[in-house]
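Trainee: I would like to learn how to read the pockets and the helix packing of a model. Could you take me through them one at a time?

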Amino acid sequence: MAAFSLDEEVRLYTTNTEREKYESLATLYGIIVSLEYLERAYVRDSISAAQYSPACTRLLGQYKTMLKLVSTEVPSLEEFMKKYNMDNPAALHRLKVGVPATVEHATEQGAETAKWVAETTQSFITFMDALKLRLRAKDQLHPLLQELMTGYSKFKASAEWEGRAKIVQWLITLNAMKASDDITEEQSRQLLFDIDHAYHEFFSSLSGGGSGTKTP
């Protein structure tokens, strides 16, 4: 029998595929824990609804993405949490509902505003993920950017945000291309930079209370 040293590092994987699997599972675990903390912070009024909604929407989007990557290893959310002894009831409920609590429980105008925040946040995430997944064709990116701009424009404060001019300029650039044309790698990097900046500006404006919306 081979000797075993307590000082020897135990490796969970021996191939790159196994390494990626464990990293994905660890990321999924972290998303659930983060969502639990976020839900509890919101319930305790430690963060505002404007801070909570986009953060929750982003975590829900990341969860959906990671779940696709580990679908063969995670038959269900409940089984995953049971396997790793996770006691995160608030996160479990939020993941089952699939929308932030501000959307689940809001009424009338408040519900509409919360819905716009959630949808616009998801549009930002979807577009940035598309670029990270190396989508480059005009007919792949233009519809996503149009949808993002539609939601973004519902916020009256967006007229004063720096990101608006950048988004409009990229819409003009994409609109001038043929459907089969691709943006260059340099354009892709700049586009991702501009949209990421616009997203953080959007998030900061909401957190600061500047999330006024236009009347439908």
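Trainee: By class, how many nonpolar, polar and charged residues does the lining of the largest pocket have?

Mentor: Bear in mind that this is a predicted model. In the lining of the largest pocket there are 3 nonpolar, 4 polar and 4 charged residues, and the volume of this pocket is about 270 Å³. The residues concerned are Gly61, Lys64, Thr65, Lys68, Gln122, Ile125, Thr126, Asp129, Ala130, Lys132 and Leu133; the elements that give two or more residues to this lining are α2 (49-69) and α6 (108-132).

Trainee: Which element gives the most to the lining of the largest pocket?

Mentor: That is α6, with 6 residues.

Trainee: What lines the second largest pocket?

Mentor: The second largest pocket, with a volume of about 160 Å³, is lined by Thr57, Leu60, Gly61, Lys64, Gly98, Val99, Pro100, Val103, Lys115, Ala118, Glu119 and Gln122. Here α2 and α6 each supply at least two residues of the lining, and by class the lining has 5 nonpolar, 4 polar and 3 charged residues.

Trainee: How are two packed helices described?

Mentor: One gives the angle between their axes, together with the distance between those axes. In this model, helix α1 (residues 16-43) packs with α2 at an angle of about 160°, and their axes are 10 Å apart. Since an angle over 145 degrees counts as roughly antiparallel, α1 is therefore roughly antiparallel to α2, and the crossing of this pair is left-handed.

Trainee: Which residues make the contact of α1 with α2?

Mentor: From α1 they are Ser24, Thr27, Leu28, Ile31, Ser34, Leu35, Leu38, Glu39 and Tyr42, while α2 brings Ala49, Tyr52, Ala55, Cys56, Leu59, Leu60, Gln62, Tyr63 and Met66. By class, this contact has 13 nonpolar, 4 polar and 1 charged residues.

Trainee: At what angle do helix α7 and helix α8 pack?

Mentor: Helix α7 (residues 138-152) and helix α8 (residues 162-175) pack at about 150°, with their axes 10 Å apart, so α7 and α8 are roughly antiparallel to each other. The crossing in which α7 passes α8 is left-handed. Their contact includes Leu141, Leu145 and Met149 of α7, along with Ile167, Trp170 and Leu171 of α8, and by class it has 9 nonpolar, 4 polar and 2 charged residues.

Key. Residues are numbered from 1 along each chain as its sequence is written. This is a predicted model: local features need pLDDT of at least 70, side-chain atom pairs count only at pLDDT 80 or more; totals for chains, interfaces and linings use all residues. Side-chain values use heavy atoms; hydrogens and water are left out. On a 1 Å grid over the protein atoms alone, a cavity is a set of points where a 1.4 Å probe fits but cannot get out, and a pocket is an open set with protein on both sides within 12 Å along at least five of seven lines; lining residues have an atom within 4 Å of a point. Grid points are joined across faces, edges and corners, and a volume is the space filled by probe spheres set on the points. Helices (H or I, at least four residues) and strands (E, at least two) are DSSP runs, numbered from the N terminus. Ala, Val, Leu, Ile, Met, Phe, Trp, Tyr, Cys and Pro count as nonpolar, Asp, Glu, Lys and Arg as charged, and the others, Gly among them, as polar. Axes are lines fitted to C-alpha atoms, for helices over the stretch in contact, and angles run from 0 to 180 degrees between N-to-C directions. Angles under 35 degrees count as roughly parallel, over 145 as roughly antiparallel, 65 to 115 as roughly perpendicular and the rest as oblique. A crossing is left-handed if the near helix is turned anticlockwise from the far one by less than a right angle, and right-handed if clockwise. Contact means heavy atoms within 4.5 Å.
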